[in-house]
Amino acid sequence: MTTLFFNARPRAPRGASALLSLLLLAGPAPHAMADDLAPATAESAGLLERYDSGGQYGLQPLTVSQLEDQLRRPELQAAVGQGGIAVLYPNVSEPFRSAFIGMIQGIEERTRLRVRSYAVDTRFDAADLNAQLRRTGTKVVIALGRQGLNVAAALDRDIEVLVGGALLLSDAEIVNLNGISLTPDPALLFARLRTLLPDTRRVIVVYDPRKTEWLLRLAREAAREQGLELASYEARDLSQAAQLYATLFAGADSRRDAVWLPHDTTTVEEGTLLPLILKQAWNSGVPIFSSNVLHVKKGALFAMSPNNVELGRSLASSAEGAIAGERRKGVQPLRELHAAINLRTASHMGLNIGYQQQRTFDLIYPEP
């Protein structure tokens, strides 16, 4: 992975022959890092040395005929004239950094185009970053996380932007965006619910329409397809949400109802509201499932969380489509997911999760 910070100034190659340009286009350098910033004369000399000897990259010398055959490969011909992909990701510490690195890994594994990654923060220089992207021939930017999305908003309009790995995208935000949210697809959550609790008939959800109305539209359609009733209730502050949960748990049927906790900082506030929800669910026996895997560790029955590498691969496919001329708008929910279950909560509800069924989950709590 080539990782650059927003104030880096790579120099454009000078004097490289057409042959060298095609060789460079054939794929990313296996260990390209700081040497991306070296002058083109040194880069060209190093490339020729590796081409002649194989060098540290394990390459074998090629005859002119062999080289011509390789240059005729369909995937290489398709890449001629195409720019690379830039990835903007937040310059954050662990454990969040690893999630974004996993997405970048998936992007690099999926595409043959050159991928350059830029760690960005609030101090970014938009003009400098735009200049770098123009020099590298970037056609598509994949903006990861909220910070990546904020930075991408200042880029030249002729650069296609895909969003990925960002939560809480409101209706106002997603109108002109294309990409994949970090929130799980309700259809997959509901399908998992029906597998675990086939007698469930109603899903209860409390949500803030200013934040998650776009997700609820998808959820209503998904519920109909699963033969479920989606009972949705609006709450615009923590106090209203708390009152709704108390009323809803008191009137719920533990055999036929389940409560869904979406990604919503108003109605699933972590500090005071979530502990109350978990307590009410435990006492009433009404199962709760969540879009946040951390809630399973705290007592939710099950949840689904991002498979970061697979998300990266999907974003790379979308980026290649954009370079090929596809023009799509809209942010999709995440379908590249891991599933987690809390066996203690399942036992409390009278569910017996056998070994074979446990194997369908990627994460099991409490951890053995």
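1. Helix α5 gives the second largest pocket the largest share of its lining, namely five residues. Bear in mind that this is a predicted model. The pocket holds about 870 Å³ of space. Among its 30 lining residues, Phe 96, Leu 167, Leu 182, His 263 and Asn 292 are the closest to the centre. At least two lining residues each come from α5, α7 (145-152), β5, α13 (294-298) and β11 (302-306).

2. On to β9, residues 257-261. Is this strand mostly covered or mostly open? Mostly covered: five of its five residues are buried. Asp 257, Val 259 and Leu 261 point one way, Ala 258 and Trp 260 point the other way, and all are buried. As a reminder, side chains in a regular strand alternate between the two faces of the sheet.

3. Now for the neighbours of β9. Strand β7 (residues 202-207) runs parallel to β9 and is joined to it by four bridges, with Arg 202 standing opposite Asp 257. Three bridges link β9 to β10 (residues 288-290), again in parallel, and Trp 260 has Phe 289 as its bridge partner there. Between β9 and β10 the chain passes through helix α12 (residues 273-284), making a right-handed β-α-β crossover.

4. Have a look at Phe 249 too, which sits in helix α11 (residues 238-251). Why does Phe 249 count as buried? Because its relative accessibility is 6%, and buried means under 20%. Leaving aside residues up to four places away in sequence, Phe 249 touches Val 259, Ile 277, Gln 280, Ala 281, Ser 284, Val 286 and Ile 288. Take Val 286: Phe 249 is 37 residues away from it in sequence, yet their C-alpha atoms are 7.3 Å apart.

5. Last, helix α14 (residues 308-323). Just after α14, Gly 325 adopts a positive phi of about 110°.

Key: Residues numbered from 1 in each chain as written. Predicted model: local features only at pLDDT ≥ 70, side-chain atom pairs only at ≥ 80, totals over all residues. Heavy atoms only, no water. Buried < 20%, exposed > 50% of the residue type's maximum accessible area, 1.4 Å probe, protein only. Pairing = 2+ DSSP bridges. Right-handed = clockwise from strand over helix to strand, strands pointing away. 1 Å grid on protein atoms, 1.4 Å probe; cavity = no way out; pocket = protein on both sides within 12 Å on 5 of 7 lines; lining within 4 Å. Points joined across faces, edges and corners; volume = space filled by probe spheres on them. Contact = heavy atoms within 4.5 Å.
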